[in-house]
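Take a walk through this structure, one element at a time. Keep the sequence beside you as you read.

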Amino acid sequence: MPSLVDTDPIEGHTAKSFDTALSELRLHLVSMGGLAIDQVASSMRALLDGDESLARLVLSRESLINDFERTIDREAFRLIALHQPVAGDLRMAKAASRIVVELERVGDEAKKIARFAMRLAGGEPQGPVRAVARFLRNMANLTAGMLREAVRALDEANTDLAHGVTSRDAELDEEFAAALRQLLTLAMQDQRFLGATIDTVFALKGLERIGDHAKNIAEQVVFVASGEDLRHLNQHKEG
Amino acid sequence: MQRTTEAPSAVRATRPAEETALSKESPANAKSTSGAPRISIAVDDTRQVRTLNVKAAVDNVNFYYGEHRALKNLTIPIADRQVTALIGPSGCGKSTFLRCFNRMHDLQPGTRYEGSITLHPDNLNLIGPGVDPIEVRMRIGMVFQKPNPFPKSIFENVAYGLRLRGLRNRATLAEEVEKALRGAALWDEAKDRLQDSALALSGGQMQRLCIARALATKPEILLFDEPTSALDPIATAKIEELISTLRDQVTVLIVTHNMQQAARVSDYTAFMYIGELIEFDEAAKIFTNPSKKATEDYITGRYG
């Protein structure tokens, strides 16, 4: 069986403009990923440290995330229309459209957490957040870590890293459940903080969702590399 | 995380001996009583196994131009009444391979076939030494890159092959010509000018006329050698649409340089490189997730 590699093919795509467009798409995704990670980390610091100006920064950068989303989606759309990619190129273009949605939602969750931080700074009772601060911190570290790995996996087209991300999602879910139990106990003992408790539940849920988005991104990285669809595999096994 | 790492694709043509067992498993496919082999395409867990009859079994075919070995040990099952596309860079042997099916190479001295292309259901080896090329061409039609109608009327172009076969009855001839022209989606455009010269037609119409001419003699396999490379996009779209409808009645084998065309029209796609078969699979698999890196490089344009 001859290999095309032995016969010295031309490096890269014969149409350079296509290769450039494809690598730019990946670069933009990675930049957007970097921003999203920072939004998550900053919003959580704002929440836990009561840093109002940091929360403001997160809110002001929301429009950047949205700009990225529009630009990248347009690029992927153009790439498909103008170059009719197939195989790995097509999987990359399709995955880009998907990943950009995941990252935009990560940005949304960070925005909601930042708004909560603003309300806390404005006098909302801090009891519930203090009660689960340890969980919030752990979950923030976990989600930021998962996101970072997912974006790195995308950048390096590294499926091992991507598989690592998907396996850490369970840990996050456990933390989330434990934090909810703690909050429930608190709410039953003291009902004065019900509003702040609900806000805290939303923050925890936001972090849990960010973990899901990181996992979805990692699944797309695997799809780009191998064409393998990892989505909902566990459900199929259980069902 | 459990992941299955099966072989990405398994294509096999089963011999008649195995066929009985297969038919029992899939009664839906049991209509073949001819003893022809089946083609089974069993791929990853997300795809169903399809079992189809094989119209022509290409087995270990080698072809030589003098000393030059242009085709190397090709083994491909050609599924009955499906469209199989042959793709690959210039000089990979795809046209040479296509021409084996109707013995076009016999016109050129110093060429030699090895192996077999077994036409089912009657097990005729198309490239067997004792087989008459004329008989082969009666059963295997061909449409070329450039439309090549005879300098005769539209009617006579289509009737030509029928007359060769001794059909003389005018009414029957007219009926068969209409059927072929309808089959080639040319009837509405040509019915009022059947006696006009075929050379007055547009390029796309001429190509459809050539398809009608090939269809008139009811071939079992229709070979297309880059049938749209000389046509504009509209005429190309019409031919592609036509090829899709033809698959109900005839097995189609098409050589194309246009990758999108192969993706659009074919059920199965074979990627060839320097005379060898690199990968053969369902077109949807080849164009979304080919198993071989060489195939991926070629279809994504990363091979010069």
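Start in chain B, where B:M272 stands opposite B:L277 in strand β12. Keep in mind that this is a predicted model.

Now look at what pairs with β11(B). Strand β5 of chain B, residues 83–87, is joined to β11(B) by four bridges. These two strands run parallel. Find B:I87, and its bridge partner in β11(B) is B:F271. Strand β12 of chain B covers residues 276–282. Six bridges join β12(B) to β11(B), and here the strands run antiparallel. The two form a hairpin with two residues between them. In that turn, B:I274 has a positive phi of about 35°.

Stay in chain B, but move to a helix. B:I211 has its place in α7(B), residues 203–216. Why does B:I211 count as buried? Because it has 26 C-beta neighbours inside 10 Å, and 20 or more are enough for that label. Leaving out residues up to four places away in sequence, B:I211 touches B:V143, B:A184 and B:L242. Take B:A184 from that group. It is 27 residues from B:I211 in sequence, yet their C-alpha atoms are 6.0 Å apart in space.

Turn next to chain A and its helix α6, residues 133–156. This helix has 24 residues. From first C-alpha to last, α6(A) reaches 34 Å, close to the 34 Å expected at 1.5 Å a residue. A:A157 follows the helix, with a positive phi near 50°.

What does α6(A) pack against? Two packed helices are described by the angle between their axes and the distance between the axes. The axes of α6(A) and α7(A), residues 159–189, come within 10 Å and cross at roughly 165°. The two helices are therefore roughly antiparallel, since the angle is over 145 degrees. α6(A) passes α7(A) in a left-handed crossing. From α6(A) they include A:F135, A:M139, A:L142 and A:M146. From α7(A) they include A:L161, A:V165, A:L172 and A:F176.

Helix α2(A), residues 52–60, packs with α4(A), residues 87–121. Their axes are 9 Å apart, and the angle is about 150°. So α2(A) is roughly antiparallel to α4(A). The crossing is left-handed. On the α2(A) side, the contact is made by A:E52, A:A55, A:V58 and A:L59. On the α4(A) side, the residues are A:A110, A:K111, A:A114, A:A117, A:M118 and A:A121.

Methods
Residues are numbered from 1 along each chain as its sequence is written. Chains are lettered from A and ligands numbered from 1 in the order in which they are written. This is a predicted model: local features need pLDDT of at least 70, side-chain atom pairs count only at pLDDT 80 or more; totals for chains, interfaces and linings use all residues. The expected span of a helix is 1.5 Å times one less than its number of residues. Two strands pair if DSSP finds at least two bridges between them. A residue is buried if 20 or more other C-beta atoms lie within 10 Å of its own, exposed if 12 or fewer, and partly exposed in between; C-beta atoms are placed from the backbone. Two residues are in contact if their C-beta atoms, placed from the backbone, lie within 7 Å. Axes are lines fitted to C-alpha atoms, for helices over the stretch in contact, and angles run from 0 to 180 degrees between N-to-C directions. Angles under 35 degrees count as roughly parallel, over 145 as roughly antiparallel, 65 to 115 as roughly perpendicular and the rest as oblique. A crossing is left-handed if the near helix is turned anticlockwise from the far one by less than a right angle, and right-handed if clockwise.
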